[in-house]
Amino acid sequence: EPYLRERNWTNLLKYRKALPTVQKLTDFLILAQARRIVIFDSDVLFFQNPLELTSIDSSQDGLALFQRDFIDAYSLSLACARSDFGIDLQPSINVGMVRLSPDVIDLANCEAYLAHPAFADFEGHTEQTLWALEASRIQAVTYLPPSYLVSLETRVDYDTLRARHYAGPTRVLLTRQGIP
């Protein structure tokens, strides 16, 4: 919080307190000291070694690696991002599993985005939208392969998965199927 206050980023401070998921954005980026960071939500299970997340391939520096969602779960539409921010917001970014260089995300820009009316309701996709806007702004978006699943499907072949993100309505499956 002192870091955000020193920069007078009142929107980030306000959203960080109202939506704990925003702490994932602010705190990791402020505290990170590595060239690359990997972040995953607590509702993610790994079934195989997540090679795409753990490789040290330097050609990936400057890129953001996200899970591909089955929907566009953003606080604003792709058309709104283009018209109001001049950003071609990439579709279907899910931040349940992320690998990126911390410098991909500019928190000053996130502060400015939060002044937009689309963020007025403190809705649950705020944090994901900020990650997506920033990575899309610098055209750094890449996606994990389908073996990193986020889906509403109840029946899946776990032998083909490296990981599953039990997001939203599938979270009950985390303990029913993922960890019986």
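User: In the open sheet of 3 strands, what is the order of the strands?

Analyst: This is a predicted model, where local features need pLDDT of at least 70, side-chain atom pairs count only at pLDDT 80 or more, and totals for chains, interfaces and linings use all residues. Residues are numbered from 1 along each chain as its sequence is written, and side-chain values use heavy atoms, with hydrogens and water left out. Strands (DSSP runs of E, at least two residues) are numbered from the N terminus, as are helices (runs of H or I, at least four residues), and two strands pair if DSSP finds at least two bridges between them. With mixed pairing, the order is β2-β7-β6.

User: Why is one side of β2 and of β6 left without a neighbour in the sheet?

Analyst: β2 (44-46) and β6 (148-150) stand at the edges.

User: Which residue in β7 stands opposite Leu149?

Analyst: β6 pairs with β7 (residues 163-165) in the parallel sense, over 3 bridges. Opposite Leu149 stands a residue of β7, Arg164.

User: Which strands are at the edges of the open sheet of 4 strands?

Analyst: The order in this sheet is β1-β4-β3-β5, with mixed pairing. An edge strand pairs on one side only, and here that applies to β1 (37-40) and β5 (141-143).

User: Which residue in β5 is the bridge partner of Leu65?

Analyst: β3 (residues 64-68) is joined to β5 by 3 bridges in the parallel sense. The partner of Leu65 in β5 is Thr142.

User: At about what angle does α7 run to β4?

Analyst: Axes are lines fitted to C-alpha atoms, for helices over the stretch in contact (heavy atoms within 4.5 Å). Angles run from 0 to 180 degrees between N-to-C directions. α3 lies across β1 and β4, at about 155 degrees to β1. α7 lies across β1, β3, β4 and β5, and its angle to β4 is about 55 degrees.

User: Which element gives the largest share of the lining of the largest pocket?

Analyst: A pocket is an open set of points on a 1 Å grid over the protein atoms alone, where a 1.4 Å probe fits, with protein on both sides within 12 Å along at least five of seven lines; lining residues have an atom within 4 Å of a point. The largest pocket has 22 lining residues, with Asn94, His125, Ala167, Gly168 and Arg171 nearest its centre. Two or more residues each come from α3 (21-31), β4 (93-100) and α7 (126-137). The largest share, 3 residues, is from β4.

User: How many disulfides are there?

Analyst: A disulfide is a pair of cysteine sulfur atoms within 2.5 Å. For Cys80, the nearest cysteine sulfur is that of Cys110, 16 Å away, and Cys80 is in no disulfide. Cys110 is in no disulfide either. The count of disulfides is 0.
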